[in-house]
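Me: Could you walk me through how the ligand is held in this one?
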Amino acid sequence: FQPKVLAGKRLLITAGPTFEPIDPVRGITNLSSGKMGYAVARAAREAGADVTLISGPTALATPHGVTRIDVQTAQQMMDAVNRSIDGQHVFVAVAAVADWRVTNPSTQKVKKTEDGGAPRIEFEQNPDILATIAARTTLAGHPYCVGFAAESENLMEYGAAKRERKGIPLLVGNIGHHTFGADDNEIVLFDDQGHTLLPRADKLTLARQLISEISKRINSQSLF
Ligand code: C5P
């Protein structure tokens, strides 16, 4: 039995990897499976929230009762978030967004040449979706923002610093960098009070605990 701690609340969640095209048949992506973001969406729905999930390419089924919007690139994810953000109470950025995109993706398949040469690929930075939303100040769209961090070292130090840099009240650190694709995880929550460890468990269990932590925090804010 899950108490409906988020009844009447609207949550927007990003999940999965992004895919940045090089040409019509190739691209750059990462090892995110989307499992954690989808688990957060499912747990939020179980808790009674109205949930919109903006997802990069994954092989996962849409959680029951969740509205899903599929995107490929970071820019498309940014645009979809911008279109959906007004009126959301909570924004949880779980997606592993590519930091860079190919500057000029080819409209035709890039061909191998006889001389053994290889193409040069130029990159430019993608927008930081979470930081963009966290910086919004309009009344209609000032959700409680939650971020994720997957560091390969110094999580405790980098996690606290990343929370402040992104300007968000809550950051979830993945302990170890073997979480990609796995069914379980171990996380640490960073907020302005310090940090709280949520010991190793399957991603749905952790997602339910995270939703309970988020609901405690937003329900103690006079704004809601
Ligand atoms: O800076 P870093 O990529 O480690 O931050 C991770 C957090 O920021 C995650 O919550 C991720 O979803 C979000 N993010 C984003 N847009 C980006 C990069 C990261 O929303 N371009």
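Reply: What follows is about the ligand and the residues around it. This is a predicted model, where local features need pLDDT of at least 70 and side-chain atom pairs count only at pLDDT 80 or more, while totals for chains, interfaces and linings use all residues. Residues are numbered from 1 along each chain as its sequence is written, and side-chain values use heavy atoms, with hydrogens and water left out.

Me: OK, which residues surround the ligand?
Reply: Counting residues with a heavy atom within 4 Å, the shell consists of Ala93, Val94, Ala95, Val97, Pro127, Asp128, Ile129, Leu130, Gly147, Phe148, Lys162 and Lys166.

Me: And by class, what does the shell have?
Reply: There are 8 nonpolar, 1 polar and 3 charged residues around the ligand, with Ala, Val, Leu, Ile, Met, Phe, Trp, Tyr, Cys and Pro taken as nonpolar, Asp, Glu, Lys and Arg as charged, and the others, Gly among them, as polar.

Me: What lies 2.8 Å from a nitrogen atom of the ligand?
Reply: That is a backbone N or O atom of Pro127, a polar contact in the sense of a pair of N or O atoms within 3.5 Å. A ligand oxygen atom lies 2.6 Å from a backbone N or O atom of Ala93, and a ligand oxygen is 3.0 Å from a side-chain N or O atom of Lys166.

Me: How much of the ligand does the protein bury?
Reply: The protein buries 85% of the 440 Å² that the ligand exposes when taken alone, by the Shrake-Rupley method with a 1.4 Å probe.

Me: Switching topic, what does UniProt mark as "binding site"?
Reply: The unreviewed entry lists Asp99, Lys109, Pro127, Asp128, Ile129, Leu130, Phe148, Lys162 and Lys166, although such annotations may be inferred rather than shown by experiment. These residues spread over 68 residues of sequence and up to 38.5 Å between C-alpha atoms.

Technical notes: A polar contact is a pair of N or O atoms within 3.5 Å; within protein, one must be able to donate a hydrogen and the other to accept it, and residues adjacent in sequence count only if both atoms are side-chain atoms.
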